[in-house]
Amino acid sequence: MPKKKILITGASSGIGRATALMLAQKGHDVMMAARRLDRLAHTAVMSPSITGSLSIGAIDLSDPDSIDKFCHQHGEWLSGLDVLINNAGLALGREPFQDSHLSEVQTMIDTNVSGLLRLTHRLLPIMIERERGHIVNLGSVAGREAYAGGTIYCATKAAVHMLSEALRHDLGGTNIRVSIIAPGRVAETEFSEVRFRGDEKLAQSVYEGYRTMNARDIAETIAWVLDRPEHINIQEIVLMPTDQPSATTLKPYRPSAT
Ligand SMILES: NC(=O)c1ccc[n+]([C@@H]2O[C@H](COP(=O)([O-])OP(=O)(O)OC[C@H]3O[C@@H](n4cnc5c(N)ncnc54)[C@H](OP(=O)(O)O)[C@@H]3O)[C@@H](O)[C@H]2O)c1
């Protein structure tokens, strides 16, 4: 694959970090963005095997000023942008909506939807001007299938799915691709720890007793999507653990004794 300039949000942990590393190992120039700059710096310094490059930038997607500042600060680097991976996102809580905290509801909407849209709106003109580009949005099986205690998270991910589809229409004829990656449960991320507000035991229990996917599985899939020739757009990939038939069902495989 020719060398590309790739911006990935939410690269301080989980899927974003694994994807940034894999793409830099494949020779691409990758900018990792998130709020925790120290984490990004640590990853960039501790990755000697890369053949591309890793840059870092602080961004808080829930804050419009922070997005503007990021785009301004890294304007020169971003002027050659080939790929935007809108990966940053979070779920907060598993309570019924009627018991949820409105500030957390707002944070999910601001980060998962408004921030994604604002950053994409800022960067799309670069791609349109260059007549090439690829936007990869992290959706979720939660955006296709609702579950109890997921009212806002499911709604934000459904929004990501719909806005991605509509964007493909708006961008028709521009040579810009829009892809959605929609995973089921992915372990080795901080997703559950964030959702359960730092309760590590509860977070860990989500991934016990069956075979999950991990962040590298998703990174490999994203790398494959980016590697398709320019005339092919992988519109959507839903990846589930084999032991997770749906958003809400787990069916662990137990090999029969022979
Ligand atoms: N893990 C799963 O089971 C799963 C399943 C389906 C979809 N997903 C989606 O996959 C994506 C990545 O999640 P993950 O599983 O890798 O979880 P994670 O390890 O918690 O990573 C989330 C990333 O988002 C960043 N982030 C959160 N709020 C932000 C903000 N306001 N501004 C900028 N960055 C922000 C975090 O960095 P900072 O805290 O440093 O800002 C972190 O790097 C999310 O969109 C998630 O919804 C995850």
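Strands here are DSSP runs of E, at least two residues long, and helices are runs of H or I of at least four, both numbered from the N terminus. Two strands pair if DSSP finds at least two bridges between them. Within this pair, Ile-6 sits opposite Val-83 of β4.

A quick word on the source: this is a predicted model, where local features need pLDDT of at least 70, side-chain atom pairs count only at pLDDT 80 or more, and totals for chains, interfaces and linings use all residues. Numbering starts from 1 along each chain as its sequence is written, and side-chain values use heavy atoms, leaving out hydrogens and water.

Now the whole sheet: 7 strands form an open sheet with parallel pairing, in the order β3-β2-β1-β4-β5-β6-β9. Since β3 (53-58) and β9 (236-239) are at the edges with a single partner strand each, one side of each has no neighbour in the sheet.

Back in β1, we find Thr-9. Is Thr-9 buried or exposed? Thr-9 has a relative accessible area of 2%, so it is buried (buried is under 20%, exposed over 50%, partly exposed in between, with a 1.4 Å probe and protein chains only). Leaving out residues up to four places away in sequence, Thr-9 touches several residues, including Ala-33, Leu-61 and Leu-119; contact means heavy atoms within 4.5 Å.

Finally, Arg-132, in the loop between α5 (102-130) and β5, is partly exposed at 35% relative accessibility. Its C-alpha lies 6.9 Å from that of Asp-82, 50 residues away along the chain.
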